[in-house]
Amino acid sequence: MTTYTARPIDPPVLKELRSTDDAGRETVPVTDEEGGAPLRCCLRRSVPGERIALVSYAPLRRWAARTGAEPGAYDEQGPVFIHAQECPGPDGGGLPFAEAHRTVRRYSADGHILGGRLVEHRGDFEQAFTEAFADPEVALVHVRAVEYGCFLYEVRRP
(Lines give C-alpha, C1' and ligand atoms only; values in the text may rest on other atoms or scores of the structure.)
Protein backbone atom coordinates (compact mmCIF):
# COMPACT_ATOMS: atom_id res chain seq x y z
CA MET A 1 0.00 0.00 0.00
CA THR A 2 1.27 3.46 -0.94
CA THR A 3 1.01 6.23 1.58
CA TYR A 4 -0.06 9.55 0.12
CA THR A 5 0.91 12.82 1.76
CA ALA A 6 -1.29 15.89 2.03
CA ARG A 7 0.73 18.98 1.13
CA PRO A 8 -0.11 22.25 2.87
CA ILE A 9 0.42 25.59 1.19
CA ASP A 10 4.19 26.16 1.03
CA PRO A 11 5.66 28.52 3.68
CA PRO A 12 7.03 31.08 1.15
CA VAL A 13 3.57 31.29 -0.44
CA LEU A 14 1.95 31.66 2.98
CA LYS A 15 4.28 34.57 3.71
CA GLU A 16 3.03 36.32 0.56
CA LEU A 17 -0.61 35.50 1.27
CA ARG A 18 -0.32 36.97 4.77
CA SER A 19 0.34 40.32 3.13
CA THR A 20 -1.62 40.28 -0.15
CA ASP A 21 -3.74 37.41 -1.42
CA ASP A 22 -3.91 36.02 -4.96
CA ALA A 23 -6.80 38.35 -5.78
CA GLY A 24 -4.59 41.33 -4.92
CA ARG A 25 -6.41 42.15 -1.68
CA GLU A 26 -4.68 43.08 1.54
CA THR A 27 -4.96 40.30 4.11
CA VAL A 28 -7.10 41.14 7.14
CA PRO A 29 -6.45 38.93 10.20
CA VAL A 30 -9.29 38.20 12.61
CA THR A 31 -9.64 36.39 15.91
CA ASP A 32 -11.51 33.15 15.36
CA GLU A 33 -14.17 33.20 18.08
CA GLU A 34 -15.76 29.83 17.25
CA GLY A 35 -12.92 27.65 15.94
CA GLY A 36 -13.29 24.94 13.33
CA ALA A 37 -11.90 26.73 10.27
CA PRO A 38 -9.90 24.34 8.03
CA LEU A 39 -6.41 25.86 8.04
CA ARG A 40 -4.42 25.17 4.86
CA CYS A 41 -1.09 26.13 6.46
CA CYS A 42 -1.03 23.36 9.06
CA LEU A 43 -3.88 21.13 7.83
CA ARG A 44 -5.92 21.18 11.00
CA ARG A 45 -8.99 22.99 12.26
CA SER A 46 -8.59 26.26 14.11
CA VAL A 47 -9.35 26.57 17.81
CA PRO A 48 -11.23 29.47 19.39
CA GLY A 49 -9.04 32.50 19.99
CA GLU A 50 -6.54 31.84 17.18
CA ARG A 51 -5.68 34.64 14.76
CA ILE A 52 -6.56 33.55 11.24
CA ALA A 53 -7.20 35.10 7.84
CA LEU A 54 -9.47 34.18 4.94
CA VAL A 55 -7.50 34.76 1.74
CA SER A 56 -7.92 34.08 -1.95
CA TYR A 57 -5.51 31.40 -3.18
CA ALA A 58 -4.78 30.15 -6.72
CA PRO A 59 -3.11 26.74 -6.27
CA LEU A 60 -2.72 25.91 -9.97
CA ARG A 61 -1.32 29.36 -10.77
CA ARG A 62 1.33 28.94 -8.08
CA TRP A 63 2.15 25.40 -9.27
CA ALA A 64 2.26 26.51 -12.93
CA ALA A 65 4.71 29.30 -12.11
CA ARG A 66 7.13 26.66 -10.75
CA THR A 67 6.60 24.07 -13.49
CA GLY A 68 5.95 26.11 -16.64
CA ALA A 69 2.44 24.66 -17.02
CA GLU A 70 -0.29 26.69 -18.72
CA PRO A 71 -3.56 25.96 -16.89
CA GLY A 72 -5.49 28.55 -18.89
CA ALA A 73 -9.11 28.67 -17.81
CA TYR A 74 -8.44 26.06 -15.11
CA ASP A 75 -6.54 28.71 -13.13
CA GLU A 76 -9.06 29.00 -10.32
CA GLN A 77 -8.70 31.02 -7.18
CA GLY A 78 -10.80 30.60 -4.11
CA PRO A 79 -11.04 31.18 -0.39
CA VAL A 80 -8.78 29.42 2.12
CA PHE A 81 -8.15 29.91 5.82
CA ILE A 82 -4.59 30.32 7.06
CA HIS A 83 -3.00 31.37 10.34
CA ALA A 84 -2.47 35.12 10.43
CA GLN A 85 1.12 34.57 11.61
CA GLU A 86 3.70 31.94 10.76
CA CYS A 87 2.90 28.52 12.17
CA PRO A 88 4.93 25.30 12.42
CA GLY A 89 2.92 23.54 9.71
CA PRO A 90 1.34 20.08 9.96
CA ASP A 91 2.26 18.09 13.04
CA GLY A 92 1.57 14.61 11.80
CA GLY A 93 0.64 12.26 9.05
CA GLY A 94 -2.70 11.10 7.89
CA LEU A 95 -5.16 12.81 5.62
CA PRO A 96 -6.81 15.89 7.09
CA PHE A 97 -10.37 17.08 6.59
CA ALA A 98 -11.55 13.58 5.69
CA GLU A 99 -14.70 13.68 7.81
CA ALA A 100 -16.99 14.79 4.96
CA HIS A 101 -17.53 14.17 1.26
CA ARG A 102 -14.59 15.41 -0.79
CA THR A 103 -13.67 15.62 -4.43
CA VAL A 104 -10.31 14.32 -5.62
CA ARG A 105 -9.65 16.36 -8.76
CA ARG A 106 -6.92 15.17 -11.15
CA TYR A 107 -4.65 17.52 -13.15
CA SER A 108 -2.23 16.94 -16.02
CA ALA A 109 1.32 18.29 -16.22
CA ASP A 110 0.00 21.24 -18.23
CA GLY A 111 -2.52 22.07 -15.49
CA HIS A 112 -5.69 20.85 -17.17
CA ILE A 113 -8.38 18.92 -15.33
CA LEU A 114 -8.41 15.23 -16.24
CA GLY A 115 -11.41 14.31 -14.13
CA GLY A 116 -12.29 13.76 -10.55
CA ARG A 117 -13.91 11.47 -8.10
CA LEU A 118 -16.28 11.93 -5.20
CA VAL A 119 -14.90 10.40 -2.01
CA GLU A 120 -17.67 9.65 0.45
CA HIS A 121 -15.86 7.76 3.22
CA ARG A 122 -12.58 8.35 5.04
CA GLY A 123 -11.26 4.94 4.01
CA ASP A 124 -11.75 5.62 0.28
CA PHE A 125 -9.04 8.28 -0.13
CA GLU A 126 -6.17 5.82 -0.66
CA GLN A 127 -8.10 4.09 -3.44
CA ALA A 128 -9.01 7.41 -5.07
CA PHE A 129 -5.35 8.49 -5.10
CA THR A 130 -4.20 5.08 -6.35
CA GLU A 131 -6.73 5.26 -9.20
CA ALA A 132 -5.73 8.82 -10.05
CA PHE A 133 -2.00 8.11 -10.17
CA ALA A 134 -2.51 4.89 -12.15
CA ASP A 135 -3.09 7.27 -15.07
CA PRO A 136 0.38 8.37 -16.26
CA GLU A 137 -1.08 11.68 -17.43
CA VAL A 138 -1.96 12.72 -13.86
CA ALA A 139 0.69 14.99 -12.34
CA LEU A 140 -1.10 15.95 -9.13
CA VAL A 141 -4.48 15.94 -7.43
CA HIS A 142 -6.35 18.48 -5.39
CA VAL A 143 -8.65 17.51 -2.58
CA ARG A 144 -11.56 19.92 -2.46
CA ALA A 145 -14.67 20.46 -0.39
CA VAL A 146 -17.82 19.32 -2.19
CA GLU A 147 -20.21 21.93 -0.84
CA TYR A 148 -18.10 25.00 -1.75
CA GLY A 149 -15.41 23.59 -4.06
CA CYS A 150 -12.68 25.05 -1.84
CA PHE A 151 -9.14 23.78 -2.20
CA LEU A 152 -8.09 21.82 0.88
CA TYR A 153 -4.69 20.37 -0.05
CA GLU A 154 -2.60 18.89 -2.83
CA VAL A 155 -1.27 15.37 -3.25
CA ARG A 156 1.55 14.60 -5.69
CA ARG A 157 2.83 11.35 -7.12
CA PRO A 158 4.50 9.16 -4.47
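**Close-up views: aromatic pairs and an open sheet**

Four aromatic pairs occur in this predicted model. Rings of Phe, Tyr and Trp (its six-membered ring) count as a pair if their centres lie within 6.5 Å; planes under 30 degrees apart are stacked, over 60 edge-to-face, and the rest tilted. Because the model is predicted, local features need pLDDT of at least 70 and side-chain atom pairs count only at pLDDT 80 or more, while totals for chains, interfaces and linings use all residues. Residues are numbered from 1 along each chain as its sequence is written, and side-chain values use heavy atoms, with hydrogens and water left out.

**View 1. Tyr4 and Phe133 form a stacked pair.** The ring centres of Tyr4 and Phe133 are 5.9 Å apart, with 20° between the planes. Tyr4 lies in the segment before helix 1 (11-17) and Phe133 in helix 3 (residues 125-134), so the pair ties together parts that are 129 residues apart in sequence. Helices (H or I, at least four residues) and strands (E, at least two) are DSSP runs, numbered from the N terminus. Tyr4 is buried, with a relative accessible area of 8%. Phe133 is buried, with a relative accessible area of 8%. Buried means under 20% relative accessible area, exposed over 50%, and partly exposed in between (1.4 Å probe, protein chains only).

**View 2. Phe125 and Phe129 form a tilted pair.** Their centres are 6.1 Å apart, with 45° between the planes. Both residues lie in helix 3, four residues apart, about one turn of the helix. Phe125 is buried at 1% relative accessible area. Phe129 is buried at 0%. Tyr4, Phe125, Phe129 and Phe133 form one aromatic cluster.

**View 3. Four strands form an open sheet in the order 7-6-8-9.** The pairing is antiparallel. Two strands pair if DSSP finds at least two bridges between them. Strand 7 (113-119) and strand 9 (151-156) stand at the edges with a single partner strand each, so one side of each has no neighbour in the sheet. Seven bridges join strand 6 (residues 102-108) to strand 8 (residues 138-145). Arg106 has Val141 in strand 8 as its bridge partner.

**View 4. Helix 2 and helix 3 lie across strands of the sheet.** Helix 2 (residues 59-67) lies across strand 6, strand 8 and strand 9, at about 160° to strand 8. Helix 3 lies across strand 6, strand 7, strand 8 and strand 9, at about 145° to strand 8. Contact means heavy atoms within 4.5 Å. Axes are lines fitted to C-alpha atoms, for helices over the stretch in contact, and angles run from 0 to 180 degrees between N-to-C directions.
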